[in-house]
Amino acid sequence: MPDKSFPSQLASSNSSGFNRRAFIAAAAGTAVAAPLTARAAGEGASVSVAQDPSLPVSMALKVNGESKALTLDARTTVLDALREHLGLTGSKKGCDHGQCGACTVLIEGRRVVSCLTLALAAQDKEIITIEGLANGNELHPMQQAFIDNDAFQCGYCTPGQIMSAVACVQEGHAASEDDIREYMSGNICRCAAYPNIVAAVRQVASSARKG
């Protein structure tokens, strides 16, 4: 049954001179005006205007030992900066949601999914991509191990797999096959070359332990 007291409550409020809509509007206006007034007083009555976030931003990325000056949209990811602006297409765009690992690069020695990392956040940090692993014509041991163990088929995920595998060994997470599977689980191979990938990581880890 409807509550007939509700309209009478409104009526009594109105009869007492209280206007609910006017009260809410006044309160909202005060909430907005107060911080602006305080800010203006603190800045000599001048209110600063925030920079338009759609404008390009100048930044410097240190990629494979070289500093690269770029002017990019502030929302540009490391992956898009590498592929679209620096021509380094080795890092692949797979899911673009940080779930497949195809875009993995090393930033300050840590593996990172570059599709979810803003270029601005990587400024002045050492970024290593698949193009930066080899020493001239001499392949990195992990690159060679992937070839030796036939650890790829279509090859699309391979750059990310290799970058993650390098970090896996450096982190000391390649002591056993179970460890390798666990710490490489963020990299998906849709061709299912996992046994060969594990073998490649074990080969490099074994060589590293021997010195």
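1. Thr 158 is found in helix α5 of this predicted model. Helices here are DSSP runs of H or I with at least four residues, strands are runs of E with at least two, and both are numbered from the N terminus. Thr 158 is buried, with a relative accessible area of 10%; buried means under 20% relative accessible area, exposed over 50%, and partly exposed in between, with a 1.4 Å probe and protein chains only. Leaving aside neighbours within four places in sequence, Thr 158 is in contact (heavy atoms within 4.5 Å) with Phe 146 and Phe 152.

2. Helix α4 covers residues 141-148 and helix α5 residues 158-170; their axes come within 9 Å and cross at roughly 120°. That angle makes α4 oblique to α5, given that angles under 35 degrees count as roughly parallel, over 145 as roughly antiparallel, 65 to 115 as roughly perpendicular and the rest as oblique. The axes are lines fitted to C-alpha atoms over the stretch in contact, and angles run from 0 to 180 degrees between N-to-C directions.

3. On the α4 side of this pair, Met 142, Gln 143 and Phe 146 take part; they meet Thr 158, Gln 161, Ile 162, Ala 165, Val 166 and Val 169 of α5. By class, the contact has six nonpolar, three polar and no charged residues. Ala, Val, Leu, Ile, Met, Phe, Trp, Tyr, Cys and Pro count as nonpolar, Asp, Glu, Lys and Arg as charged, and the others, Gly among them, as polar.

4. Helix α3 spans residues 78-85, and its residues Val 78, Leu 79, Ala 81 and Leu 82 are buried. After α3 comes Gly 87, which has a positive phi near 70°.

5. For the whole protein, the secondary structure comes to seven helices and five strands, in the sequence pattern α-α-β-β-α-β-β-β-α-α-α-α. Of its 211 residues, 31% count as buried. Among contacts with a separation of 6 or more, residues 24 or more positions apart account for 54%. The protein exposes about 12700 Å², of which carbon and sulfur atoms supply 54%; accessible areas come from the Shrake-Rupley method with a 1.4 Å probe, and for residues only the protein chains shown count as cover.

6. On the basis of these values: residues are numbered from 1 along each chain as its sequence is written, and side-chain values use heavy atoms, with hydrogens and water left out. In this predicted model, local features need pLDDT of at least 70 and side-chain atom pairs count only at pLDDT 80 or more, while totals for chains, interfaces and linings use all residues.
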